[in-house]
Amino acid sequence: QVQLVESGGGLVQAGGSLRLSCAASGRTFSSYAMGWFRQAPGKEREFVAAISWNGGSTKYADSVKGRFTISRDNAKNTVALQMNSLKPEDTAVYYCAGGSYTYTRSGYDYWGQGTRVTVSS
């Protein structure tokens, strides 16, 4: 069992940066791929980024490629999402998830409660 808690959300102006963190409990953290998803008001939850169990592989949604970076520290049971050059369309609740290394929501077994990111224009 893995429990996930996100932090680092907030209000930022367009062009600014935020760093989201996700702290995981449980001894099996390093055996899971980790992902970030987001859900904007009135929209479906969508894939943002994923990282393999050892950090050796990453994948990104086209909309964030080149602006966001996912990383993990298995010694600290944490995963981070560095978000640069933020745009108003990045406004959403961001969720950390643990499971398979995939783009799809169904591939993840564990979810955090989410942290809100608001980007003002």
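1. Let me start with a loop: Ser85 sits between β8 and β9 (strands are DSSP E runs of at least two residues, helices H or I runs of at least four, numbered from the N terminus). Its phi is near 50 degrees, a positive value in a residue other than glycine. Ser85 is partly exposed, at 41% relative accessible area (buried means under 20%, exposed over 50%, partly exposed in between, with a 1.4 Å probe and protein chains only).

2. A word on provenance before going further. This is a predicted model, in which local features need pLDDT of at least 70 and side-chain atom pairs count only at pLDDT 80 or more, while totals for chains, interfaces and linings use all residues. Numbering runs from 1 along each chain as its sequence is written, and side-chain values use heavy atoms, with hydrogens and water left out.

3. Most residues other than glycine have a negative phi. Asn77, in the loop between β7 and β8, has a positive phi near 55 degrees. With 18% relative accessibility, Asn77 counts as buried.

4. Next, the open sheet. Four strands lie in the order β1-β3-β8-β7, with antiparallel pairing (two strands pair if DSSP finds at least two bridges between them). β1 (3-7) and β7 stand at the edges with a single partner strand each, so one side of each has no neighbour in the sheet. The twist averages 15 degrees from one strand to the next (axes are lines fitted to C-alpha atoms, for helices over the stretch in contact, and angles run from 0 to 180 degrees between N-to-C directions). Six bridges join the antiparallel β7 and β8, and Ile70 stands opposite Leu81 in β8.

5. Six of its seven residues are buried, so β4 is largely enclosed by the rest of the structure. It pairs with β9 in the antiparallel sense over seven bridges, with Gly35 opposite Ala97 in β9. β4 also pairs antiparallel with β5, over five bridges, and there the bridge partner of Arg38 is Glu46. β4 and β5 form a hairpin with six residues between them, and Gly42 in the turn has a positive phi of about 75 degrees.

6. On to the packing. The largest nonpolar core has 35 residues, and Met34, Trp36, Leu81, Met83 and Tyr94 touch the most other members (such a core is a set of buried Ala, Val, Leu, Ile, Met, Phe, Trp, Tyr and Cys residues joined through side-chain atoms within 4.5 Å). Its largest share, five residues, comes from β5. Not counting residues up to four places away in sequence, Tyr94 touches Leu20, Trp36, Val48, Phe68 and Val117, among others (contact means heavy atoms within 4.5 Å).

7. Finally, the rings. There are six aromatic pairs (Phe, Tyr and Trp rings, the six-membered one for Trp, pair if their centres lie within 6.5 Å; planes under 30 degrees apart count as stacked, over 60 as edge-to-face, the rest as tilted). Tyr32 and Tyr110 are edge-to-face, 5.3 Å centre to centre with 85 degrees between the planes. This pair links Tyr32, in the loop between β3 and β4, to Tyr110 in β10, 78 residues apart. Both Tyr32 and Tyr110 are buried. Ring pairs also link Phe37, Phe47, Tyr103, Tyr108 and Trp111 into a cluster.
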